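This report walks through one protein model, section by section, for a reader who has not seen it before. Please keep the sequence and the structure in view while reading.

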Amino acid sequence: MSNIDKRNRLNEEVFSYRVSKSNTVFIDYAGKGIKVVKGKEAERLIARIQQAETDKDVQLALAKITGNFKRGNEKDNKK
């Protein structure tokens with residue numbers, strides 16, 4: 001796994017998730033909602049999370065399902 005997370009970003013646990021009663025998974029990055037996963041894809045993600053041995057494995061699963069959402073051109077709402 002050292003090849004996948006070269007900058008050790010997943011050690012910071014930046015992703016979090018919530019699972020609803022209808023097995024919908026809400027994924028947050030640094031406290032902001034970024035993706036909602038439903039249906040069979042959500043079932044596979046929940047199974048992958050439950051089989052994860054470490055917190056870093058959970059972070060990796062969440063990072064992979066979100067894809068390439070962060071490009072560096074996001075604007076901060078700071079004034």
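## The hairpin of β1 and β2

Five residues lie between the strands in the hairpin of β1 and β2, and within this hairpin asparagine 23 takes a positive phi near 60 degrees. Strands here are DSSP runs of E with at least two residues, while helices are runs of H or I with at least four residues, and both are numbered from the N terminus. The model is a predicted one, in which local features need pLDDT of at least 70 and side-chain atom pairs count only at pLDDT 80 or more, whereas totals for chains, interfaces and linings use all residues. Residues are numbered from 1 along each chain as its sequence is written, and side-chain values use heavy atoms, with hydrogens and water left out.

The two strands β1 and β2 pair in the antiparallel sense over five bridges, where pairing requires that DSSP finds at least two bridges between two strands. Valine 19 has valine 25 in β2 as its bridge partner.

## The sheet as a whole

Three strands make up an open sheet with antiparallel pairing, in the order β1-β2-β3. The edge strands, each of which pairs on one side only, are β1 (15-19) and β3 (32-37).

Strand β2, which covers residues 25-29, pairs with β3 in the antiparallel sense over five bridges, and isoleucine 27 stands opposite lysine 35 in β3. The hairpin of β2 and β3 has two residues between the strands, and alanine 30 in its turn has a positive phi of about 55 degrees.

## A salt bridge between strands

A salt bridge is counted when a side-chain nitrogen of Lys or Arg lies within 4 Å of a carboxyl oxygen of Asp or Glu, and by this rule the count comes to one. Arginine 18 forms this salt bridge with aspartate 28, and their closest N and O atoms are 2.7 Å apart. Arginine 18 belongs to strand β1 and aspartate 28 to strand β2, ten residues apart, so that the pair links distant parts of the chain.

## A positive surface patch

Lys40, Arg44, Arg48 and Lys64 form a positive surface patch, a patch being made of residues with over 30% relative accessible area and no salt bridge, with like charges joined within 9 Å and nonpolar side chains (Val, Leu, Ile, Met, Phe, Trp, Tyr) within 5 Å. The accessible areas come from the Shrake-Rupley method with a 1.4 Å probe.

Helix α1 (residues 39-51) gives the most to the positive patch, with three residues, and arginine 44 lies in this helix.

Conventions: Lys, Arg positive; Asp, Glu negative; His and termini not counted. Charge placed at Lys NZ, Arg CZ, Asp CG, Glu CD.
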